[in-house]
Amino acid sequence: MDYRMKLAKRMLFNKKGSLIGAVLAVTIGILVIHVNFVIFQGLFDAIVRDISDYNTGDVIVTDEFDFIDKSDQSLVRWFERIPYVEAATPRLSSTAEMNMTKNGKLVEETRIQLVGVDPFNDVKASTVHETVSDGSYVFSRNSIVLGSNVARDLGGAQVGDSVKVLVVDRWGQDQVRRFTVVGIANSPGGQGFDYSGVIHIDTLRDMMSRPGDSSSFMVKLYDPSKAEEVRDFFLRSFPNDDFIAETTEEASEAQLEGFRSGIAMINMIGYFGMMSSAFAIVTIQMMLVNGKTREIGVMRSIGAKRKDILVIFIFQGMIIGAIGAGVGTAAGLGYTFYAKETKMSFNGSLPLEVTYNWEKIIQTAFTSFILAIIASLYPSYRATKLLPVEAMRTV
């Protein structure tokens, strides 16, 4: 080992308080970035996950101008021939007015988004049915599942209650049906159908006078990373139709754009925090230089060059950076592991989708290591400016 490295270690470890302070500064800077990433990127990924699970699948197909008029079964069978596809299902949606009566009296009236689903295929392509905490999912033509907020707006609707739904059909005529509430859907964070009502797709088609039509097809994949490949293959296979096929993030771009900008800003704040730890290292290194003035004078008097003094203090910065990066990364990984295993959420909101982004983890550790070295340059330069005689006079 280079004698300058040995001297750097000895001088640094003799000042354990300063070493611990410098390492903590680097550790906290790294930990802040990890915590920010887990919370904000985890929340972003959780929103994308729930949009995919509840509304779009991994690929969502719509018609550019109107409703999709191709047969449900033909499109479902076409998609299911693709090895990557787990399931596909049609959806139909419309705005509706809903009211509930009890004991012959009108309790409440509200306006909702009404969604028609195919009960057989929908439970394979989405997880909406898993959000029904009270009762069961749609199973018959006259059953309805109410979102928790819709049930509340109706004055506290419960399973077994009867509700009346009004939809305006394609000819402008009011179509009214009575449904029995069979379930209440409640999803963490309200990303599911908490503000909607869910009925059988064929019933909604009858009410809208649109037999066989669908608003969209959601496609669930075994491997979501193949979404773009499936999207492109679908569009190539139907070149003469007005289909629009999009991945989850493409279909939800407007909803996610602002959140993505917020994540970028939070990450920037985290890196500014890491830069503040570099200033702490400068201060601590300056204290080490001031505390080792006599030793520096002795080294200069026995032949050490300015370059040697510079290298010694740069080595100290490298040691601080390496230990700080290691401890900070370990602390950050520990927090990430805890958040992932406990499915962390805040005040009952949607559970975070926590992942290990190894590229970012390595980048953060490397950046903190480089910043620690850069922070040691000025104190190292100051140490080289000490003259041997003046340094040795210092007690």
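**Largest pocket**

I started with the lining of the largest pocket and found three nonpolar, four polar and six charged residues. For classes I count Ala, Val, Leu, Ile, Met, Phe, Trp, Tyr, Cys and Pro as nonpolar, Asp, Glu, Lys and Arg as charged, and the others, Gly among them, as polar. This is a predicted model, where local features need pLDDT of at least 70, side-chain atom pairs count only at pLDDT 80 or more, and totals for chains, interfaces and linings use all residues. Residues are numbered from 1 along each chain as its sequence is written, and side-chain values use heavy atoms, with hydrogens and water left out.

I looked up the volume of this largest pocket next: about 310 Å³. Of its 13 lining residues, Val48, Asp58, Pro224, Thr248 and Glu249 are the closest to its centre. Two or more lining residues come from each of α2, α7 and α8 (248-251), and α2 gives the largest share, four residues. Helices (H or I, at least four residues) and strands (E, at least two) are DSSP runs, numbered from the N terminus.

My terms: on a 1 Å grid over the protein atoms alone, a pocket is an open set of points with protein on both sides within 12 Å along at least five of seven lines, a cavity is a set where a 1.4 Å probe fits but cannot get out, and lining residues have an atom within 4 Å of a point. Points are joined across faces, edges and corners, and a volume is the space filled by probe spheres set on them.

**Second largest pocket**

I found about 150 Å³ of space here. Which residues line the second largest pocket? I listed Asn55, Ile60, Thr62, Arg91, Leu92, Ser93, Val115, Phe193 and Ser216. The largest share, three residues, is from β2.

**Cavities**

I counted two cavities of 30 Å³ or more. The largest cavity has a volume of about 100 Å³, and its lining includes Ile33, His34, Tyr356 and Lys360. Here too I noted α2 (16-56), which supplies four residues, the largest share.

**Helix contact**

I then checked helix α3 (residues 72-80) against helix α7 (residues 227-237): their axes come within 12 Å and cross at roughly 130°. Axes are lines fitted to C-alpha atoms, for helices over the stretch in contact, and angles run from 0 to 180 degrees between N-to-C directions. Angles under 35 degrees count as roughly parallel, over 145 as roughly antiparallel, 65 to 115 as roughly perpendicular and the rest as oblique, so α3 and α7 are oblique to each other. I noted Leu75, Trp78 and Phe79 of α3 touching Phe233, Phe234 and Ser237 of α7, contact meaning heavy atoms within 4.5 Å.
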